[in-house]
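Welcome! Take a moment to look over the sequence and the 3D picture, and then we will walk through a few places together.

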Amino acid sequence: SRQDVMATMMEEVNPTMNDLITAAALSKPSIKCTGCSKEFPSKNQLFRHLTNNAKTCLTPEEYGEYMIHVVSAKKNWEKIGVLYGYLPGTDYRLSSKSPADDIAPSGVEGGNHAAWMVIQAIDRVSRIISGSGEDKKVAWSAEEAAIASKINRSYGSNSRGSEAIEQDEFTGAITEVLCTHAMPLYSKESSIGDGGEGISHNGERGNQMKDEDDPEQQKQVQEWVESVNQELEQMTSEMDVHRTSTKSPHSTGWSVGRVRVFGRVAISNKKFNAEMDVVHRRVDYCFPADLLYVSDKENRQNDQMPTSETGVQLKVQTLQDYFDSLPCFPPGNKPFRVVEQFDQNVGAANETLQSNPHAASYYNLEKPSPSNTRTLRPSIPRPNETTLTYLYALKKLMQRFATKVEELNVKDEAAVMEKEFHEKKRKKQREPKKKRSRKGESNSNDDKHDDFISVGKKDKECLPHGRKVDSPAKAFEPKGKRVLRRKRFHNFCPNILAHDFLAYRRMDRIYHRGTIRLQHENNDSESISAKQVTKNDRPFVVFSLTGDLFLREQALRVMGLLIAICRGAIDSDIIDCLFDEEYTNLVPAPLAPRLGLLSGEATYMTWEGRLKTILSARLCNIYKKGWNRKEIVNAVEKWEYSLLKDIARGWYWDGVTDDGRLLSEIDWLQNVLHPWAQKTRPLLEDYRRWKASKERNESTIEKETDDQSLLPPLESISHDVPEIFAKVLDLLRKADASGLWPSTSPKRSLVMVTTNSEESNVKSIAVAQSATRTKETRTSAYAYKEGEGGASGSFSVGAMPDLGCNQPKGNILFPELVKAAFELERALKPDREPSSTIAINRNAQFRPHTDNGAGAGQSNSLIVGLGNYVGGELVVEGAKKDIRYNAVEFDGWKERHWTMPFQGERYSLVWFTPKGCEGMRGIDMEFGEATTTD
């Protein structure tokens with residue numbers, strides 16, 4: 001058959017083909033190593049040979065070229081995570097206190113500068129720059145600062161792109177994680193030149209960092225860390241030389257700052273983001289215990305600052321008694337035993353701890369055997385009952401700042417919506433990608449299978465098992481439905497307002513992390529004097545704050561408010577005022593001294609499971625890979641203690657008084673805390689009246705707006721209209737009655753208290769934000785009963801920057817009103833440059849906000865109020881301004897401003913020139929033409 005013939009032919013041909021293949025293999029040219037003359041059949045074999053013998057087989061010049069162009073080639077670099085810490089230099093940490101204004105600051109500036117230094121040091125080590133003759137020194141400059149701001153690190157802000165979450169300037173960090181690329185660390189069984197993976201002697205391709213538990217691999221990592229730290233020390237020493245040449249008057253105790261690397265790990269997943277993937281962040285604040293205590297003498301001296309009864313104070317006679325009552329224990333993760341009194345068995349360990357808290361025995365983290373547990377684990381004496389009561393009251397006060405997990409209230413629309421969002425997010429994370437992609441449009445039909453049902457689905461509510469219910473409340477009957485109620489920290493950040501998404505934050509807890517003293521320090525010529533250290537045996541308290549994300553100045557203002565309440569400078573219900581989402585006024589918290597702030601650590605629990613790597617310095621046996629080795633944990637704890645000591649010394653920078661008081665403490669109390677308390681007490685009284693009015697309205701049948709019940713009657717004001725405003729007011733009323741008043745845009749309605757509906761129930765900002773994103777029915781952050789003028793509304797007229805400054809819709813609807821409004825501006829402010837645009841508001845109460853964009857041609861906006869109303873003042877950065885028939889200028893682009901509650905008919909006009917309308921004068925425009933933009 002044909003098949004048999006073909007088989008016979010192949011049998012005759014195959015031997016010849018095999019001979020040819022063998023001959024070709026024997027004649028294939030080999031590659032020779034010029035150093036040892038050995039021949040290799042392939043480049044990979046030669047690279048494997050050079051990996052272990054490059055120094056002996058190559059000349060020094062060839063070896064340098066080989067390391068730079070082959071080993072250090074960026075195509076062979078890997079993504080790594082670096083654990084490091086830093087402390088800014090004295091010039092930056094104490095910049096507000098240094099009198100040497102004519103001397104440029106020197107040293108480590110802050111987080112961006114420290115990260116940039118680490119990147120530079122890693123680059124030098126990776127490229128073998130040190131000692132190779134290739135100098136790549138780069139000076140810190142504004143251009144480098146812009147590049148450093150984009151470094152991916154735990155406390156960075158580049159990924160989110162908002163100034164509101166920038167790390168507080170001139171603050172250090174105990175530990176931080178940085179992501180970058182560096183030359184891989186190859187083991188002896190790895191090779192280079194195979195696309196970034198190592199090839200073992202058996203020819204198998206594998207990960208370069210395959211076995212980080214290998215002693216040889218750990219040794220290479222440790223040598224790399226030491227090399228990077230040597231480069232960092234060289235960089236800081238150059239800063240020190242530069243500073244010494246300036247002959248600063250503050251040479252004693254001055255420091256350029258410190259940067260130290262503790263370890264590195266290979267990051268196998270390219271999607272890992274050191275900034276965005278943080279689950280928990282910790283921020284520490286170290287301050288003298290003096291700030292928590294108020295003596296009777298100090299109370300008598302401050303007659304204008306009466307002490308609140310809600311203050312948290314330890315009932316002792318003197319400040320020295322207060323110092324002696326506080327338990328002293330160093331910060332860290334190691335637990336301590338509390339004993340009633342010292343005995344002989346623990347005496348040696350306790351003596352070591354008290355005399356030298358960072359001694360080796362303290363940092364010995366090996367698990368002690370049952371026979372020597374009492375001698376290896378130091379103990380602290382149990383405080384007396386009075387001190388325990390004080391510490392418990394302090395703890396309860398701290399808990400009021402933290403977010404809490406509460407039982408889900410189905411009547412709370414915002415809570416239900418947030419719970420639904422998190423449930424859907426978790427469900428999406430658990431589903432494979434292929435399964436999610438196959439669903440496609442079918443996701444819209446999955447609501448009936450969700451565990452949580454949106455309020456308002458009257459006839460479609462279902463339990464998780466598909467059973468129908470009569471009301472949304474019954475859908476949540478199964479127990480265990482709880483929700484994490486986040487808080488709005490808009491009063492704790494200067495760049496964030498209540499309607500901003502970033503204001504909605506989670507702060508898990510505030511706790512007492514440690515208490516350190518400087519009395520046992522060996523003072524040298526660069527330390528503070530022994531008299532200053534031992535005066536009153538001053539303790540320094542370390543409070544820690546943990547949360548998902550900290551806004552700029554958030555931690556400082558939380559600590560400032562906590563200290564103010566403890567001292568009795570203000571009543572504790574100020575906490576309710578600052579976190580009350582329904583209260584529209586802005587009440588900023590006091591700013592604590594920046595000197596004591598220190599970023600603690602960031603944790604990545606989710607990504608630790610994905611990477612099988614421990615990404616924080618802690619003892620943990622779940623995974624072998626990561627920063628869980630005893631040497632790293634010990635080094636981090638010693639580093640933390642040394643940073644806290646430096647911060648404690650900084651509080652002495654201004655000196656002490658004859659009676660032992662810190663001048664830095666006195667300066668903050670007199671210039672910050674006391675003025676803030678005097679200004680805030682009246683605001684707190686306003687909040688109390690508002691809250692009482694709200695509670696009365698909830699208990700009565702005929703409800704009215706909570707704010708309106710606090711206003712005087714309309715009969716108390718004059719209804720006469722000044723002649724200059726008569727024409728515009730008449731045109732405004734006609735526009736209102738025409739029924740053509742344009743609707744408010746979703747973004748503008750988000751900062752308005754009133755809405756275009758007749759609803760009277762209060763809605764959460766979260767609901768309004770969701771409606772804005774999903775383009776649902778337009779609503780505002782809150783819904784209140786309207787004033788006598790009817791529904792609220794806001795729109796703009798004149799020129800707009802969109803589409804070549806074409807006219808908005810209002811120009812067509814009300815051309816006579818627009819023309820008269822621009823003429824009114826000229827009549828009110830003849831010397832003012834005419835504006836291009838006007839915002840026209842009707843019965844609109846705005847919550848604190850800043851205007852979008854940037855002004856052009858003028859720095860200030862002009863506003864005036866018209867109509868028969870009471871209240872409705874404009875508040876600019878806390879200062880009330882009566883605008884009823886009274887034009888007021890303010891910087892709406894930068895200054896936070898809002899509207900006080902009002903009752904009656906209230907119109908307001910705001911003249912401004914947005915960016916993009918430079919040179920446009922509204923008074924010169926022709927209105928009523930067909931070219932419009934909505």
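Let us begin with the largest nonpolar core of this predicted model. This core has 102 residues, and those with the most contacts inside it are Phe 287, Tyr 322, Phe 401, Leu 561 and Ile 574. Helix H16 supplies the largest share of the core, with 10 residues. In soluble globular proteins, nonpolar side chains tend to be buried together.

| Core | Residues in it | Some of its members |
|---|---|---|
| Largest nonpolar core | 102 residues | Phe 287, Tyr 322, Phe 401 |

What does Phe 287 touch, not counting residues up to four places away in sequence? Its partners are Leu 292, Phe 540, Val 541, Phe 543, Met 559, Ile 563 and Trp 651.

Next, find Glu 553, in the loop between strand S16 (539-547) and helix H16 (554-567). Is Glu 553 buried or exposed? Glu 553 counts as buried because its relative accessibility is 17%, and buried means under 20%. Leaving aside neighbours within four places in sequence, Glu 553 is in contact with Asp 168, Phe 492, Pro 494 and Leu 591.

Finally, turn to helix H2, residues 43-57. With 15 residues, a straight helix would reach 21 Å, but the end C-alpha atoms of H2 are only 15 Å apart. H2 also has a kink of about 70 degrees, centred on Thr 51. Among the buried residues of H2 are Leu 46, Arg 48, His 49 and Leu 50.

Note on methods. Residues are numbered from 1 along each chain as its sequence is written. This is a predicted model: local features need pLDDT of at least 70, side-chain atom pairs count only at pLDDT 80 or more; totals for chains, interfaces and linings use all residues. Side-chain values use heavy atoms; hydrogens and water are left out. Helices (H or I, at least four residues) and strands (E, at least two) are DSSP runs, numbered from the N terminus. Buried means under 20% relative accessible area, exposed over 50%, partly exposed in between (1.4 Å probe, protein chains only). Contact means heavy atoms within 4.5 Å. A nonpolar core is a set of buried Ala, Val, Leu, Ile, Met, Phe, Trp, Tyr and Cys residues joined through side-chain atoms within 4.5 Å. The expected span of a helix is 1.5 Å times one less than its number of residues. The bend at a residue is the angle between axes fitted to the seven residues ending there and the seven starting there.
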